[in-house]
Amino acid sequence: MTLHFELTGANAAAGVASSATASPRSGRLVLDRSLNCEASAPASTLAPAAIALETPTFLKYTRHGLQPHLVREVAAELSDMPACTRVQLEDFLEDDGSACGQHDAGLHNFVFLDRSEVLLLDTLDPTVTRRVGKSTNSFLAIDSEGGTKRLTPEVFAQLVDRLKPDIIIPPADYIEEPLPSLTQGKRISKSVTRSAKWLDESIAKSVYPSAVFAAVMGSHSPELRDISAKKLLARNDVAGYVFNDVSLALPFESKLQLAQHSLAQLDASKPRYMVGASAPDAALRAILGGIDLVDSSYPYAVTEQGFASTYVFGGEGAAGGIADASAAGAAAGAGRLDLWQESMFNDFGPLVEGCSCFTCRSHHRAYIHHLLMTKEMLSTVLLQIHNMHWYKGFFADIRSSLARATLAEDAQRFLERYGSSSEAFGELETLATQENSPTTKIQRKRHAEPL
Amino acid sequence: MTTSDEFDNLTTPLETSTSPALKFDVLAKCSTTKARASKMHLPHYTAHTPMFMPVGTMGSIKGITTKQLENLDCHVILGNTYHLGSRPGPELLEAAGGLHEFMSWNRGLLTDSGGFQMVSLLRLANITEEGVEFENPHDGKKMMLTPEMSIGLQNAIGADIMMQLDDVVSSLTTGDRVEEAMWRSVRWLDRSIKANKRPTEQNLFPIVQGGLDARLRTLSAHELIKRDSPGYAIGGLSGGEAKDSFWRMVSLSTDILPDNKPRYCMGVGYAEDLVVCSALGVDMYDCVFPTRTARFGNALVRTGSLALKQGRFKNDLGPIDPDCSCPTCKNYSRAYLHTTVTKDTTGCHLITIHNIAYQMRLMRDIRQAIVDDRFPEFIREFMSIRFGKTVPKWIISALQSVDVDLTAVDEKTGYSATPISDDFQKVPNM
């Protein structure tokens, strides 16, 4: 199995004067499983020769391996989605270190994911900002409903061999930082060393040739980040880099700067996945700064608020529809439509006029408003379809803009358009403190206290 | 999932009735029991009976899209007038063009009268000749639901079948109150019929009452027949009464109700109840049970149900039911479902889909067995899998009344059952 990344087209947006490593680039990520040790599998399960993903793009965020609220045949209503899915191990990890029972036909099979999808296995849910749990040199402590679960590199390696994911992000020593604390230097230093050790062990102890995306550690310390980056650069078994500072309580701009600081010392030819950069403004800024991959946790956060996405990236031939002018001014300004509003009660228009998604073709605002008010689960199903469709259109627009070398201006216009609303794109922050899904009593684990 | 095609070779009805908004054709009759298989032509859809109707209380079935419901072969679903009458209310539903348009469902809809919810959900429900008096839960004001108002709400909803507002008493009530309620329900039926503004588009079903009193039930059924309604419901049961009384009241009702019209037994949904009542001549059922139990992680199977949350399913790599062809059983293992039931909405959806598919498949099998005139054989097969050697006595008695004797040894399979006094048996006794 090989994972190959190549840069394509114009790699610098016009007018952005920065080093090649920290500027936006078009790319193509190609997974080839034809050299797999699974070549003896029956013909119907053999992967196509190669799966190609055009970047910048997003990994589909899942919960227990399925997109939130969308069972397979409903998710099939979404067309032209990037063929890459991320799964977090913590969804399946049991107290005894097992996961997915004794199933041994691979994770694709267990969660019924088509083999034409690239499957990335991460450890933690990116929508949860609180890690909590005292990790040691031997294990990452994961807080969950049933108590703290321990993940050692060895267990991770065993699971990789059984689950056979295409890409893995081995466990790293993510630490909890509710507010930046400059006295944490020692702890950060320890996390850099630990993570490097765990990376070594995870790779050494597993046989299955998953591609490795390694986490760049160091928290808010540039010096410690340099040490982490240097270690990664010295390796020849890392296929990509991950920036995951979700639990670091700094503004996004600061986190992006820290990532860019690290990027300057890393191999520019490898793909970069930034966790926590899912919101449209964050994703745009991250992409401008050289990030290739984010995930789709943002649309889920929008759904959980009972909102429908309306943000428009625009530019020539924009795929998204135009936000309905009759929506309340504030809503249009925040890039989403609030379906809880009383004005939705007898509004028989679609969520967004001209949107071609299943929800907008089949239902109207009044019905979705009714479903929310009566706490019916269909509300979040229908909203999630629209919000994912919208997000896909947004990324298609970004790639077009990049291809035309107008990303900097188009992004500037976008950020200005929504910059005046303090609420715009804040749904992930709200989600982190939300206790329940709007329509069920299913409790959200590890929700943070509102600041 | 395929659309029912049981009747492809049967075109001549054995019994038929034509009402302004409903045509009912009995196309096959069981030569042993009182079961029949029929087509019910409704304004929005032609349903096949016996049929189970899932309950979509507020205008949706727990996270399932109407497209999925079609793929699962649902013909008619239920909406609750009480809930829909409060939210979104009749004016909005009218503005939307009725509930079909509002929720984008093209097949059959049935609404209850709102009375049952009112009596069971609301603290202060006082029943007078005028109607049901209750306290509005939102502002505490005294309100009244009359037969005319109930029909008004149901006319706005626009379902193919509406239910009369009846004076519902608990099946455990005895004494004069039961008779009073029965006669009042007849008077409320007449008021409902008069109030129906859409008799050529919507059917109004009366409801046979009378509690567990054979005399009252008989009187009720005979009174209702005089109104020459398109179909009839059997109500006031499924409320915790002894099953032996339950089946006798059902059977008594179907003996009196005309053969050429559909019979609807309200609130019945357990598999064994569906099989038995079909043998007693019932055509339509509704129940929240399959969709409600799905949300607790319980998947329905021929032997009862599987509580997928339990630890014993952690390593169970088979589907819920290897014979089921629903999307959940085709693609997911019990082990996978174990990880997600009650934790993610998708886990809930996956079980809901299966449970609806299970009910639909059961009804299809019942219809096919009647068409093939092998319903008694089907009943025995079903009971042997569901219960094994011991079967609740009430089921044995009910089936004996229609010439199916589970206690007699089956020549072909050797199966026979002994009665137990409990009304329920959770797992088969093999």
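Let me start at one spot. Just after α6 of chain B, B:G158 takes a positive phi of about 80 degrees. Helices here are DSSP runs of H or I with at least four residues, strands are E runs of at least two, and both are numbered from the N terminus.

Now the ground rules. This is a predicted model: local features need pLDDT of at least 70, side-chain atom pairs count only at pLDDT 80 or more, and totals for chains, interfaces and linings use all residues. Residues are numbered from 1 along each chain as its sequence is written, chains are lettered from A and ligands numbered from 1 in the order written, and side-chain values use heavy atoms, with hydrogens and water left out.

Back to α6. The helix covers residues 147-157 of chain B, and eight of its 11 residues are buried. Buried means under 20% relative accessible area, exposed means over 50%, and partly exposed is in between, with a 1.4 Å probe and protein chains only. The buried set includes B:P147, B:I151, B:L153 and B:I157. B:S150, B:Q154 and B:N155 are buried too.

Zoom out to chain B. It has 16 helices and 20 strands. Its radius of gyration is 21 Å, close to the 22 Å that the globule rule gives for 430 residues, so chain B is as compact as a globular protein of that length. That radius is taken over C-alpha atoms, and the rule is 2.2 Å times the number of residues to the power 0.38. The C-alpha trace spans about 55 × 45 × 45 Å along its principal axes. Of the 430 residues, 61% count as buried.

Contacts next. Contact means heavy atoms within 4.5 Å. In chain B, among contacts between residues at least 6 apart in sequence, 67% join residues at least 24 apart.

Take one residue as an example. B:I351 sits in helix α14, residues 345-371. Is B:I351 buried or exposed? B:I351 is buried, at a relative accessible area of 0%. Leaving aside neighbours within four places in sequence, B:I351 touches B:A294, B:N298, B:A299, B:L308, B:I320, B:L337 and B:V341.

Chain A, quickly. It has 14 helices and 15 strands. Of its 451 residues, 61% count as buried. For contacts in chain A with a separation of 6 or more, residues 24 or more positions apart account for 73%.

So much for single chains; now the interface. 40 residues of chain B are in contact with 42 residues of chain A. How much area is buried between chain B and chain A? About 3600 Å², with carbon and sulfur atoms giving 61%. B:F102, B:Y336 and B:T345 supply 15% of the area that chain B buries against chain A, more than any other three residues. Buried area is the accessible area (1.4 Å probe) that two parts lose on being put together, summed over both.

Last, backbone geometry. Most residues other than glycine have a negative phi, and most peptide bonds are trans. A cis bond joins A:T55 and A:P56, with omega about 0 degrees. A:P56 lies in the loop between β3 (51-55) and β4 (57-61) of chain A. Another cis bond joins B:T49 and B:P50, with omega about 5 degrees. B:P50 lies in the loop between β4 (46-49) and β5 (51-54) of chain B.

Two aspartates carry positive phi. A:D80 has about 55 degrees, and A:D80 is exposed, at 69%. B:D228 is near 50 degrees, and B:D228 is exposed, at 56%.
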